[in-house]
Amino acid sequence: MNNILTILNASQIAVDLGCGPGSFNYLAYRCRIVGIDVSLDPSALPRSGDRIDYVRSLSNEIPLAPHSVDAVICNHTLEHFNNYVKTLQEIGRVLKPDGYIWISVPNGFGFDDMLYRAVFPGKGGHVNRFSFQAMVDAVEKNTGLRLLQSCLLFSSFTYLMKFNHRYSVFVLNAGTRIVDKLLGTRLSLYGWGFVFGRDDSSLTPLYSYFNVCCKCGAGDPFDRLNASAGVRRRLGFRFFDCLHCGATNVLMTPPPGLS
């Protein structure tokens, strides 16, 4: 979503739909931000004067005027919305004609989502299963926008941290990538990121980061990680310290086409 948010100026508005405590770092961008969720904890919400506002609302009843926002961010949220079709229609209503949508969703038929549903049966909130094309078709049909960009998102498995299984998360993170490299599978795939709009001339490219931190979930280019000072070799593997939180991870050379 960074390539959308960085081009918005201080007078433009981005909506974080299903924001929770903020689905991205609000303080890193210039634009005005409106966080929308059915449940908001004031003590956990980031603030920055009158630049950041919050609204308690359902996703399918967005209380904003037509064509009033420049970007809508649905960051790991559409799989949780009971009426995602009506939500997409509402997004299309409030978005300006030249606006953008960022959507990230899990592959509803992949290993990561199946593991999540097994670990949190009936409690994880994943009420929708998406495939790549089904997601694209639904957004284009209900918003009138077209797919401009997409990327693969790889899992950090950090949701298992709720059980304090830090070592298990580390092993699963590394193990799935090793299997993917050796066998050409996609066990470590989480899902996809999409950018929808009408004009992609202002957007920088999207990249698919294979190496994702098992603690904070951040992904970075392999070349940048490999050149960092914290890379070392042990037992035939390379390890790196996350550039964001410092956690140790196994460093894998990405399969062809990934960063």
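Predicted model: local features only at pLDDT ≥ 70, side-chain atom pairs only at ≥ 80, totals over all residues.
Residues are numbered from 1 along each chain as its sequence is written, and side-chain values use heavy atoms, with hydrogens and water left out. Local features need pLDDT of at least 70 and side-chain atom pairs count only at pLDDT 80 or more, whereas totals for chains, interfaces and linings use all residues.

Helix 5 comprises 18 residues, 166-183; helices (H or I, at least four residues) and strands (E, at least two) are DSSP runs numbered from the N terminus. From its first C-alpha to its last, helix 5 reaches 26 Å, close to the 26 Å expected at 1.5 Å a residue, where the expected span is 1.5 Å times one less than the number of residues.

The buried residues of helix 5 include V169, N173, A174, T176, R177 and D180. These cover an arc of only 155° around the axis, which puts them on the same side of helix 5. The arc is that of the directions from the helix axis to the C-beta atoms. Buried means under 20% relative accessible area, exposed over 50%, and partly exposed in between (1.4 Å probe, protein chains only). Among the elements covering the buried residues are helix 3 (111-119), strand 6 (146-154) and strand 10 (248-251). On the face turned away from the buried side, helix 5 carries the exposed residues Y167, L182 and L183. Just after helix 5, G184 takes a positive phi of about 75°.

G108 lies in the loop between strand 5 (95-106) and helix 3, and is buried at a relative accessible area of 1%. Neighbours within four places in sequence aside, G108 is in contact (heavy atoms within 4.5 Å) with D113, R129 and F130. G108 and Y167 are 59 residues apart in sequence and 26 Å apart in space, C-alpha to C-alpha.
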